[in-house]
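We will go from stop to stop, and at each one you select something and look.

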Amino acid sequence: MDVLDVAVRVAAVFVAFLLLPLLVGQLEHKVMAHMQGRVGPMHAGGFHGWAQLVADGVKFVQKEDTVPEGADRRVFQLAPALALIPYLIVVVAIPLGPGGAVGQVVDAGIFFVLAVLGVGILGSLMGGWASANKYSLLGALRTAAQLMAYELPLLLAAASVAMAAGTLSLTGILAAFEWWWIPWQLIGAFVFFTAGLAELQRPPFDAPIAPEEIIFGAYTEYSGLRFAFFLLAEYAGIVVISALTAVLFLGGWHGPFSDTLGWLWMLLKTAALSFVVIWARVAWPRLRADQIQSFAWTVLVPLALAQLALTGVITVVIS
Amino acid sequence: MSYGSGLAKGLAITLRTMTRRSVTQHYPETQPELPPRSRGVIALFEENCTVCMLCARECPDWCIYIDSHKETLPPAAPGGRERSRNVLDRFAIDFSLCMYCGICVEVCPFDALFWSPEFEYAETDIRDLTHERDRLREWMWTVPEPPPLTDAAEEPKEIAAARKAADRQAGAER
């Protein structure tokens with residue numbers, strides 16, 4: 001592994017990390033608009049508003065970067081970076097195609113990815129705590145409660161796949177993948193994707209953000225570029241959760257002509273799942289904080305355990 | 001209704017809406033389809049104005065400015081009485097104050113004020129929103145004829161009166 005190889009891989013991961021969340025953001029603008037009978041941005045950049053998010057970025061850069069008077073300055077200013085960077089690190093470990101098309105092969109890939117994903121939530125928690133604002137604190141604590149509740153089904157569902165493949169490596173899981181895993185792991189896929197959605201605080205699990213009741217929760221006091229980083233972290237999170245679901249449950253790059261078109265299959269599956277994330281936001285109302293909790297403990301955890309049992313039995317039978 | 005069917009219905013409705021054409025009117029590129037009797041700007045038909053000041057007095061935010069003077073006309077017949085007449089000097093509406101209630105149009109007893117659907121008269125200087133009488137007179141050319149209330153309604157009385165007059169004139173010429 002020479003320096004050039006590392007440089008190319010890091011650059012590719014970085015470009016993907018900067019580009020894909022923007023594409024998902026633009027997709028959200030347009031899909032949400034059309035689902036509501038509107039057209040969304042039409043003017044920025046000329047053709048159907050393709051440069052809307054670039055224009056938004058320019059706007060955010062121009063805005064004043066304020067810090068509340070009673071805030072814990074250092075923690076407050078560090079929080080957006082802590083929310084964003086874990087997703088960048090996760091992208092490194094997600095395989096794009098067959099034959100080493102991955103930023104870095106990590107042996108305990110699932111562990112690595114899920115552990116780093118959990119760190120991102122700390123950004124919201126720090127931001128909410130340091131803001132010296134009760135709504136921010138409410139949002140941050142709801143975020144923390146949600147993380148506690150949904151990390152368990154997320155891990156159990158991922159463990160089911162690891163058990164089926166007999167490896168913790170993401171590339172290893174894809175190498176062992178068979179098409180009939182999709183119906184076999186269907187419940188696990190549902191649990192993993194739903195729990196991922198909840199960890200991202202995306203609707204219908206967005207009680208920690210809830211602009212109408214607690215005014216964007218932990219992000220109330222943020223403005224300018226730091227607020228933009230939180231938004232970017234949300235879209236990066238959509239990309240990461242969709243990509244992980246695609247890798248673990250939908251076979252990642254597997255598909256017709258996967259030798260040459262593997263990367264395309266992976267991107268298509270990720271895009272389709274991102275569409276579902278957006279679709280859920282448009283179609284469904286927000287759950288209350290207590291409904292979010294009871295959904296995790298009374299629906300997702302039992303389902304994940306059932307999937308784990310099913311996976312265990314079938315693995316023993318076929319081996 | 002079974003449990004969770006609402007969720008499926010929500011997904012179905014949003015997906016169906018996405019595949020249909022959006023209802024957005026692309027305004028700067030195409031002109032909007034305005035409903036009849038749209039309130040865009042107020043036009044002044046100053047030939048009908050008698051400076052009775054009803055509009056200026058009824059205006060809730062006092063945005064109509066009227067100046068006038070009296071002229072005396074010589075008697076129509078020798079030995080008759082001199083007639084006095086109001087002459088309009090200034091008629092202006094400040095559209096930065098106007099709230100488009102249309103009371104002035106309603107109260108005008110001589111049909112000198114009309115609604116026009118034109119709305120593109122934004123200005124960069126607020127003082128330019130005060131339209132003087134020449135500009136208010138120009139808006140008159142954009143006033144549409146009043147649409148019938150329903151398909152079977154009688155035609156508007158302005159048109160009926162004009163047609164009756166035209167018919168009478170045509171009958172006299174024959």
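Predicted model: local features only at pLDDT ≥ 70, side-chain atom pairs only at ≥ 80, totals over all residues.

Residues are numbered from 1 along each chain as its sequence is written, and chains are lettered from A and ligands numbered from 1 in the order in which they are written.

**Stop 1**

Now pick Cys52(B). This residue sits in the loop between strand 1 (41-44) and helix 2 of chain B. Helices (H or I, at least four residues) and strands (E, at least two) are DSSP runs, numbered from the N terminus.

Is Cys52(B) buried or partly exposed? A residue is buried if 20 or more other C-beta atoms lie within 10 Å of its own, exposed if 12 or fewer, and partly exposed in between, with C-beta atoms placed from the backbone. Cys52(B) has 16 such neighbours, so it counts as partly exposed.

Move to Cys55(B), in helix 2 of chain B. Cys55(B) is buried because 23 other C-beta atoms lie within 10 Å. Leaving out residues up to four places away in sequence, Cys55(B) touches Ile64(B), Cys104(B), Val107(B), Cys108(B) and Leu113(B). Two residues are in contact if their C-beta atoms, placed from the backbone, lie within 7 Å.

**Stop 2**

Cys59(B) lies in the loop between helix 2 (54-58) and strand 2 (64-73) of chain B. Cys104(B) is in helix 3 (residues 103-107) of chain B. It has 22 such neighbours, so Cys104(B) is buried. Beyond four places in sequence, the contacts of Cys104(B) include Cys55(B) and Cys59(B).

**Stop 1: where the chains meet**

Show both chains. Nine residues of chain B are in contact with eleven residues of chain A.

Select helix 1 (residues 3-35) of chain A and helix 1 (residues 5-19) of chain B. They pack at an angle of about 100°, with their axes 7 Å apart. Axes are lines fitted to C-alpha atoms, for helices over the stretch in contact, and angles run from 0 to 180 degrees between N-to-C directions. The two helices are therefore roughly perpendicular (65 to 115 degrees). Val31(A), His34(A) and Met35(A) meet Thr14(B), Thr17(B) and Met18(B) here.

**Stop 2: into chain A**

Select helix 10 (residues 224-249) of chain A. Its 26 residues should span 38 Å at 1.5 Å a residue, and its end C-alpha atoms are 38 Å apart, which agrees. The expected span is 1.5 Å times one less than the number of residues.

Finish at Gly109(A), in helix 4 (residues 109-130) of chain A. Gly109(A) has 26 C-beta neighbours inside 10 Å, so it counts as buried.

Definitions and conventions: Parallel < 35°, antiparallel > 145°, perpendicular 65-115°, else oblique.
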